[in-house]
Amino acid sequence: MAAPETVMFEEEFARINRICDRLRSDANAQVVFIVDKNGQLIAASGDTEHLDTTSLASLTAGNVAATGGIAKLLKEKEFATQFHEGEKANIHIQIVGQRVILVVIFDQRSSLGLVRLRVRKASDELNKVFDTLVAKARQPGAVKVLEEITDEDIENLFNE
Amino acid sequence: MSFINYSSREINCKIVYYGPGLCGKTTNLKYIFANTAPDAKGKMISLATETDRTLFFDFLPLSLGQIQGFRTRFHLYTVPGQVFYNASRKLILKGVDGVVFVADSQIDRMEANIESLDNLRENLADQGYDLDRIPYVIQYNKRDLPDIAPVEEMRALLNTKGVPDFEAEATNGRGVFATLKAIAKLVFMELKRSRGG
């Protein structure tokens, strides 16, 4: 009954990280990160040490969900792109393949036009990786960790 | 919808605290936040109005122990309880792995409890979930207040399916962690079951 889980494997994680790294450098951005629509951070690239990426991920997904709600009321499928301009930092939010959110944070060293252009290219590449991930996760035995959970494991969760 | 990351060896799950306005959802999260070791929690975010009513959601990321070498992380969310925020409540239920229904034990809030529970069922159905088939627990909160309904009565009204339920006083923490533990266990049991384990 519960929705199928999102699964990330090492190979695809490396590919996604490479796409994020390249996007950050091509777009001259400070930080690039990817969030699933439920607010889980999937990958991040750039100077994230001073950033609370968990909170950013949750708030971005909330923002996208709220905007999606507005779209629905206006009988639009979605508003796939959002842009917020600040005094120093700007944030570009793009829904990729209706499933994940690609976020680019940049300053005056880049421009909205450049970010848009590079995001488009990265989105196509990301879509391919996520297609592979979905297919892989569906294979029987793909998510062994869940099958192997014991009742004892669950009990012990709270005893540590 | 849980997120299993083989690369960082993490299992992430989403739990939503639901219930009528002022039943103590945010208070539950605040107590958990205040009583969890600093390295096991992230920042608590509250998107609230100027009068401290939840506007969109509260959010608290929490780490529990390990399972099969994977770190378990829970994202706890609350919904805004006030009736007119229904559009927001619906959004927050997206991708939920487990639900805690926080009921207000005060007699004059029984109608609000029932209304909110019906609303939960409807909003879940809109997202393709069936409340009877997802990890779900009930908390009877505010047991420390006067003019409260007996637990048996609340159970008959709100817990006809006999899901795990707990008495609580979220302001002083009684029952808060028992509720959280119960829902976390149910979420993992469901994850295991969903993969035929």
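Mentor: We can go through chain A, one of its residues, the cores and a helix pair.

Mentor: This is a predicted model, so local features need pLDDT of at least 70, side-chain atom pairs count only at pLDDT 80 or more, and totals for chains, interfaces and linings use all residues. Residues are numbered from 1 along each chain as its sequence is written, chains are lettered from A and ligands numbered from 1 in the order in which they are written, and side-chain values use heavy atoms, with hydrogens and water left out.

Trainee: How many helices and strands are in chain A?

Mentor: Chain A has 5 helices and 6 strands, taken as DSSP runs numbered from the N terminus (helices are H or I, at least four residues; strands are E, at least two). From the N terminus on, the order is β-α-β-β-α-β-β-β-α-α-α.

Trainee: And how much of chain A is buried?

Mentor: Of its 160 residues, 46% count as buried, meaning under 20% relative accessible area with a 1.4 Å probe, protein chains only; over 50% is exposed, and in between is partly exposed.

Trainee: Switching to A:Gln94, where is it?

Mentor: A:Gln94 is in strand E5 (residues 90–96) of chain A.

Trainee: What does the side chain of A:Gln94 pair with?

Mentor: The side chain of A:Thr81, through a polar contact of 2.8 Å. A polar contact is a pair of N or O atoms within 3.5 Å; within protein, one must be able to donate a hydrogen and the other to accept it, and residues adjacent in sequence count only if both atoms are side-chain atoms. Leaving aside neighbours within four places in sequence, A:Gln94 is also in contact (heavy atoms within 4.5 Å) with residues including A:Val100, A:Leu102 and A:Ser123.

Trainee: Which residues touch the most other members in the largest nonpolar core?

Mentor: A:Ile16 and B:Leu76, out of 64 residues. Such a core is a set of buried Ala, Val, Leu, Ile, Met, Phe, Trp, Tyr and Cys residues joined through side-chain atoms within 4.5 Å. Another core, of 31 residues, lies apart from that one, and B:Leu117 and B:Met154 are among its members.

Trainee: Which residues of H3(B) and H4(B) meet?

Mentor: B:Met110, B:Asn113, B:Ile114 and B:Leu117 in H3(B) meet B:Met154, B:Leu157 and B:Leu158 in H4(B).
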